[in-house]
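Have the viewer open as you read.

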Amino acid sequence: MLNILVSIKQVPDTTNIRINPETGTLIREGIPSITNPYDVVALSLACELKQRYGGKITVITMGPPQAKASLREAVEFGADRIILLCDKKFAGADTLATSYTLAETIKFLQKDDPFDLLLFGKQAIDGDTAQVGPGVANRLNIPVITYVIKLQDIDLINKKIIVHRKIERGVEVLEASLPVLLTCEKELCATPFVPLEQVIKATKAEPEVFTAEGPVIFTREKLGLKGSPTQVKKVFTPELKKQGKIYNLEEVPLEKVIEEIIGVLKEKGLL
Amino acid sequence: MNKYLYDVVIIGGGPAGLSTGIKLAQKGLKTLLIERGRFCGAKNLFGGVVYTSSIKEIVPEFPEVDPSPVERPVTEEGYFFLSKEGVVKILHTKKRADESFTALRAKFDAFLSEYALKKGIDLAPKTKVIDFIRNNGFIEGVIVDRPTSFEDPSPATIKAKVVVIAEGVNRLLTEKAGLVTKTFEPEEVVLAVKEVLQLPKGELEARFGLSNNQGLAVEIFGEITKGLPGTGFLYTNKTTISFGIGIFLKSLMDLNLKPYEILEYAKLHPYFRELFKGSETLEYGAHLIPEWGIKGLPKPYGNGVLVVGDAAGLVNPLFREGTNLAIYSGLMAAEAIFYAFEKGDFTERSLRRYEELFKDSFIYKDLVMLKDLKTFLLSNSHLFQVYPEMIYDICSLYFSAQGRYKRDVIREIFGIIKKKRGYWGILRDFVKIGRFLW
């Protein structure tokens, strides 16, 4: 039996997102919200593991009331308990405040029944920081393995796990003892085609709502905007880099191309 | 023992299916609604006007609901006659502002489905019905594409006393149920294309002369369809405009036109180019509208099955009623189902009640009245070509008649009429239209 926690985030669907050219900020109006795709991978893995080993899935998210939709989606993957952290005092949190809030909530949730496996997406597609998973693991004082692409084995008796992790030049194969926190890459798990009963159950699911007042006891100063030292100095649209010219040497003689390159370098004062 | 047992299964989460569901749930029938889109409304499209009287039948508290599913009340309504050069508008300010509202389906259908869920139906989005459970000429439920459970990967089968098909215009399941034998012809459907345009902030109100709680709904004739039989429409939403065109699929095929080309062409018209200046296209959509008329309607009932809404061909193109009729057909289906449950008989014999109710309704009478509409429109396409141009030319002359002998102006006006259509031609058209509508 595995006791799994999955942490998810509702994000604007960035495939549709546009940037206001004057202010440089995201136009959020009318942009549909989705569950962060890497978190869907985490949910998919939880779903698969629950089928294979049995157990329980608890899903948490922090966000506005409409984040309920993502928690309902989690029920489709077999979530047994869904919790929404929703309070104005949580709003405006950076990764530091978010890690704190989630870690305290997880501590509260596992008081009687500790989690074996904590699954996070590798990053959220709106902020791209990839900091919350490791931040939570640190606060829970458990090992973290980021960018996991394959779960090779779980040994429930000896409480060990073997996973593959993506690194810049190759793959690391790591063994860790449970409990462990994994952050999930796309390749880790395919999205299951969930059964009808879960889909029906999901539309009616109502999450438990946790606020800053309880049931978890928080240090107020560490929450939301107050607890967020990150300051956004400037938001800007990166300029599109000019594309280089490409010559096909079967069509253009080499000498001509070299001449052209020399010409450009001279023009830029580099030669 | 089957895992999924329901009194009624409804296929399709548009207004027809949802109204059926709301009514059934209110009477305590165990109902499952299956929708193939991500949510109800995700795959649906309409021009954009809903009518209070029909919505009140299913949501009595409408329009006092929060959050509201509608955009603006329609306070001004009328017609634009578009010539190549300009436009003649006939607009009237409505006596009552709460009769009809502009809306967008993604929001409106989602609202209805939330409401239906609260009333107690079960909802299965993202799920497709692949076939029926059949037994001795009876339809006893449906088979969907999703697995039964995590343990059982076979496609889920759902047993039900009655299956309501609310699948929309493409009527694939209606065909599978054996209630219609042939697929439709290009002259039997209108292809509607629509864009949702965002104007710069405050410009919508400024350009249309509206306040925050006023809205405009117009139908457009003439150059908007390149003079082809069909209409354009323009509705104002909260911060956007719904702008679109509906044309017989046949005309598009004959002229080898792509749907978006005709919409792009319309947006280049001098009047609309100015009106939409600085706008941005937020959404683009296309959808078929059934115009089968009374002769092309499927048989709307069978053993254990009913058909509602677009799938049943319930559209009144001339009076812009589709959503409206979908809702009414849902109500009638629900009533027929109650009757069947009372009698404990789910054969054709008791479900025929639906057709009886339908034949008594204004919907059927309207469809009878407009039975030859598509033939009439397709064989009188000059109405869409000649008249908008003529009306514009006459107005142009009349409104710039200063400093001239008025008898000359009037003579010139008659000259236009004579040249464009001829007195006899006009008389014939009037008689034809009169006879058609009478």
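With which side chain does the side chain of E219(B) make a polar contact? The partner is the side chain of Y235(B), at 2.9 Å. Please keep in mind that this is a predicted model.

**Around E219(B)**

To find this residue, look at strand β13 of chain B, residues 216–222, where E219(B) is located. E219(B) counts as buried because its relative accessibility is 12%, below the 20% limit. Leaving aside residues up to four places away in sequence, E219(B) touches G78(B), Y79(B) and F80(B), then T231(B), G232(B), F233(B) and Y235(B), and also R320(B).

**Salt bridges within the chains**

Side chains of opposite charge can pair when their charged atoms come close. Over all chains, the rule counts 36 salt bridges.

| Pair | Closest N and O atoms |
|---|---|
| R81(A) and E208(A) | 2.7 Å |
| E213(A) and K89(A) | 3.2 Å |
| E195(B) and K267(B) | 2.7 Å |
| K204(A) and D122(B) | 3.5 Å |

Start with R81(A) and E208(A), which form a salt bridge. This pair links distant parts of the chain, with R81(A) in strand β7 (residues 81–85) of chain A and E208(A) in strand β13 (residues 208–210) of chain A, 127 residues apart. How accessible are the two partners? R81(A) is partly exposed, with a relative accessible area of 24%, and E208(A) is partly exposed too, at 31%.

E213(A) lies in the loop between β13 and α6 (254–267) of chain A, and K89(A) in the loop between β7 and α3 (95–109) of chain A, so the pair ties together parts that are 124 residues apart in sequence. E213(A) counts as exposed at 55% relative accessibility, while K89(A) counts as partly exposed at 35%.

In chain B, E195(B) and K267(B) form a salt bridge. The pair links strand β12 (residues 189–198) of chain B, which holds E195(B), to helix α7 (residues 259–267) of chain B, which holds K267(B), across 72 residues. Are E195(B) and K267(B) buried or exposed? Both of them are buried.

Chain A also has a network of salt bridges, which links K122(A), K166(A), E185(A) and E187(A).

**Where the chains meet**

The size of an interface is often given as the accessible area lost when the parts come together. Between chain A and chain B the buried area is about 1,800 Å², and carbon and sulfur atoms give 60% of it. In terms of residues, 18 from chain A are in contact with 27 from chain B.

How many salt bridges does the rule find across the interface of chain A and chain B? There are 3, and K204(A) forms a salt bridge with D122(B). The rule also finds 8 residue pairs in polar contact across this interface, both residues being at pLDDT 80 or more. On the side of chain A that touches chain B, the elements giving two or more residues are α1 (37–53), α2 (68–76) and α5 (196–204) of chain A. The most comes from α5(A), with 7 residues. That side of chain A divides into 8 nonpolar, 5 polar and 5 charged residues.

**Layout of chain A**

Finally, zoom out. Chain A is divided into domain 1 (2–222) and domain 2 (241–271), and the C-alpha centres of these domains lie 49 Å apart.

Conventions: Residues are numbered from 1 along each chain as its sequence is written. Chains are lettered from A and ligands numbered from 1 in the order in which they are written. This is a predicted model: local features need pLDDT of at least 70, side-chain atom pairs count only at pLDDT 80 or more; totals for chains, interfaces and linings use all residues. Side-chain values use heavy atoms; hydrogens and water are left out. Contact means heavy atoms within 4.5 Å. Buried area is the accessible area (1.4 Å probe) that two parts lose on being put together, summed over both. A salt bridge is a side-chain nitrogen of Lys or Arg within 4 Å of a carboxyl oxygen of Asp or Glu. A polar contact is a pair of N or O atoms within 3.5 Å; within protein, one must be able to donate a hydrogen and the other to accept it, and residues adjacent in sequence count only if both atoms are side-chain atoms. Helices (H or I, at least four residues) and strands (E, at least two) are DSSP runs, numbered from the N terminus. Ala, Val, Leu, Ile, Met, Phe, Trp, Tyr, Cys and Pro count as nonpolar, Asp, Glu, Lys and Arg as charged, and the others, Gly among them, as polar. Domain bounds come from an automatic or database domain assignment. Buried means under 20% relative accessible area, exposed over 50%, partly exposed in between (1.4 Å probe, protein chains only).
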